[in-house]
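Hi,

Here is the structure I said I would send over. Have a look at it yourself, then read my notes below.

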Amino acid sequence: MVMEATYIDFCKHSARYPITKEKEYLMIGLMNEAGEVGGAFKKEIRDDVDNKELIIDEMGDVLWYLTNLCTLYGITLSDLMHKNVSKLVGRMTEEQARNYRISQGTELPNNAK
Ligand SMILES: [Mg+2]
């Protein structure tokens, strides 16, 4: 298992692009790789095949770009996950958030509507 800090460091050190165009490269790369996930899924429909492994491989590419964008924007992956959970919990009713907490036995931020 790769720990978050190790993966973040790996992504930073395996990047190959002009540093003066870092943000542009990472943004376009993220969009491109997300498109490759969609393309692999599209081919499942067209060719009636199971592209699960290809989809997972492309999601890994998405993660690489997303990780480097997180580094560029000064946020860790776990902080990003926490912020996203907070945002989505804010869209839940209090009952939905409570039911989720109970079903998962987990803590969620208390910002549900
Ligand atoms: Mg790819």
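What follows is a walk through the chain, from its overall shape down to a few single residues.

Before anything else, this is a predicted model, in which local features need pLDDT of at least 70 and side-chain atom pairs count only at pLDDT 80 or more, while totals for chains, interfaces and linings use all residues. Residues are numbered from 1 along each chain as its sequence is written.

**The whole chain**

The chain has five helices and zero strands, and from the N terminus on the order reads α-α-α-α-α. Because its radius of gyration is 18 Å, well over the 13 Å that the globule rule gives for 113 residues, the chain is more spread out than a compact globule. (That radius is taken over C-alpha atoms, and the rule is 2.2 Å times the number of residues to the power 0.38.) Along the principal axes, the C-alpha atoms fill a box of roughly 45 × 40 × 30 Å. As for the word "helix", it means a DSSP run of H or I with at least four residues, while a strand is a run of E with at least two, both numbered from the N terminus.

How much of the chain is buried? Buried residues make up 5% of the 113 residues. Here a residue is buried if 20 or more other C-beta atoms lie within 10 Å of its own, exposed if 12 or fewer, and partly exposed in between, with C-beta atoms placed from the backbone.

**Two domains**

The chain is divided into domain 1 (1-74) and domain 2 (75-113), with bounds that come from an automatic or database domain assignment. Their C-alpha centres lie 25 Å apart. Six residues of domain 1 are in contact with five residues of domain 2, where contact means that the C-beta atoms, placed from the backbone, lie within 7 Å. On the domain 1 side, the elements giving two or more residues are α1 (4-13) and α3.

**Where α1 meets α3**

The axes of these two helices come within 9 Å and cross at roughly 95 degrees. Axes are lines fitted to C-alpha atoms, for helices over the stretch in contact, and angles run from 0 to 180 degrees between N-to-C directions. That makes α1 roughly perpendicular to α3; the cut-offs are under 35 degrees for roughly parallel, over 145 for roughly antiparallel, 65 to 115 for roughly perpendicular, and oblique for the rest. Tyr7, Ile8, Cys11 and Lys12 in α1 meet Trp64, Thr67, Asn68 and Thr71 in α3.

Asp48 sits in the loop between α2 (22-47) and α3 (52-72). Its phi is near 50 degrees, a positive value in a residue other than glycine. Asp48 counts as exposed because it has 7 C-beta neighbours inside 10 Å.

Next, Lys87 lies in helix α4 (residues 77-89) and counts as exposed, with 11 C-beta neighbours inside 10 Å. The C-alpha atoms of Lys87 and Asn111 are separated by 8.4 Å, although these residues are 24 apart along the chain.

Is helix α5 (residues 94-104) largely buried or largely in the open? One of its eleven residues is buried, so α5 lies largely in the open. Just after α5, Gly105 takes a positive phi of about 60 degrees.

Finally, Met31 lies in helix α2 and is exposed, with 12 C-beta neighbours inside 10 Å. From Met31 to Gly105 it is 35 Å, C-alpha to C-alpha, and 74 residues in sequence.

Cheers

Notes
Two residues are in contact if their C-beta atoms, placed from the backbone, lie within 7 Å.
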